[in-house]
Amino acid sequence: MSYDLLVNGVKHSVDVDGDIPLLWIIRDSIGLTGTKFGCGIAMCGACTVHVDGVPMRSCVLPVAEAVSKQITTIEAIGKTEAGARVQKAWLDIDVVQCGYCQSGQIMSAAALLATNPSPADEDIDAVMAGNICRCGTYPRIRAAIKLAAEAR
């Protein structure tokens, strides 16, 4: 079946089964590889994208459920106010170690700041709990989120 998706402001038509996870359409059909595959069961957060501004795990979201919605990936999050602040803070704090999880981390952090511009530690912990970092950069992630919040 053919589906029209709006990814990062660009319309893409894909002819796929509606049950295919959005992650594979983003990566394989559209060619945006910043969104990562981690676990395939929505537990690690590496595949996080925004769907109508809400962070979602693209590894379990059927493409048919993303039709007629605004999909934002890591490639375009820097065009949003919160996303730009988060990306700058990530660089300023030098958050990244191996980097594999960071696109999902940034997507979750940007969504947090878009809805809660001054999050407390508990708010950060609650939102970021679904994003796993095998390198353990959690203290730098929290510091970067706080820095991005202060930058507004």
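Asp121 sits at 26% relative accessibility and so counts as partly exposed, a label for residues between the buried class (under 20% relative accessible area) and the exposed class (over 50%), worked out with a 1.4 Å probe on protein chains only. This is a predicted model, in which local features need pLDDT of at least 70 and side-chain atom pairs count only at pLDDT 80 or more, while totals for chains, interfaces and linings use all residues. Residues are numbered from 1 along each chain as its sequence is written, and side-chain values use heavy atoms, with hydrogens and water left out.

The side chain of Asp121 meets that of Lys146 in a salt bridge, at 2.6 Å from N to O. The term stands for a side-chain nitrogen of Lys or Arg within 4 Å of a carboxyl oxygen of Asp or Glu. Asp121 belongs to helix 4 (residues 121–128) and Lys146 to helix 5 (residues 138–150), so this pair ties together parts that are 25 residues apart in sequence. Helices here are DSSP runs of H or I with at least four residues, strands are runs of E with at least two, and both are numbered from the N terminus. Lys146 is partly exposed too, with a relative accessible area of 32%.

Helix 4 and helix 5 also hold the two ends of another pair, Asp125 and Arg142, which lie 17 residues apart and link distant parts of the chain. The closest N and O atoms of this salt bridge are 2.4 Å apart. Asp125 is partly exposed at a relative accessible area of 40%, and Arg142 falls in that class at 28%. Through shared partners, salt bridges join Asp121, Asp125, Arg142 and Lys146 into one network.

Six salt bridges turn up in the structure. Another of them pairs Asp92 with Lys88, with 2.7 Å between the closest N and O atoms. Here both partners sit in helix 2 (residues 81–93), four residues apart, or about one turn of the helix. Asp92 has 46% relative accessibility and is counted as partly exposed.

Leu91 and Ala144 are 53 residues apart in sequence, yet their C-alpha atoms lie 8.5 Å apart in space. Further along, Val96 lies in the loop between helix 2 and helix 3 (102–115) and is partly exposed, with a relative accessible area of 38%. Its C-alpha atom is separated by 8.7 Å from that of Ile141, 45 residues away along the chain. Setting aside neighbours within four places in sequence, Val96 is in contact (heavy atoms within 4.5 Å) with Trp90, Gln102 and Arg140.

Zooming out, the protein chain is assigned domain 1 (2–72) and domain 2 (77–151), with bounds that come from an automatic or database domain assignment. Taken over C-alpha atoms, the domain centres are 21 Å apart. Domain 1 puts 15 residues into the contact and domain 2 puts in eleven. The size of an interface is often given as the accessible area lost when the parts come together. Between domain 1 and domain 2 about 980 Å² is buried, 55% of it on carbon and sulfur atoms; this buried area is the accessible area (1.4 Å probe) that the two parts lose on being put together, summed over both.

What holds across this interface in the way of polar pairs? Seven residue pairs are in polar contact, both residues being at pLDDT 80 or more. A polar contact is a pair of N or O atoms within 3.5 Å; within protein, one must be able to donate a hydrogen and the other to accept it, and residues adjacent in sequence count only if both atoms are side-chain atoms. Strand 3 (48–51) and strand 4 (54–57) are the elements that give two or more residues to the side of domain 1 that touches domain 2. Strand 3 gives the most, with three residues. By type, that side of domain 1 divides into six nonpolar, seven polar and two charged residues, where Ala, Val, Leu, Ile, Met, Phe, Trp, Tyr, Cys and Pro count as nonpolar, Asp, Glu, Lys and Arg as charged, and the others, Gly among them, as polar. Salt bridges across the interface number zero.

Thr48 has its place in strand 3 and is buried at 1% relative accessibility. A polar atom of its side chain lies 2.7 Å from the backbone oxygen of Gly45, and the Thr48 side chain makes a polar contact with the side chain of Arg57 at 2.8 Å. Not counting residues up to four places away in sequence, Thr48 touches several others, among them Thr35, Met56, Gly104, Met107 and Asn131.
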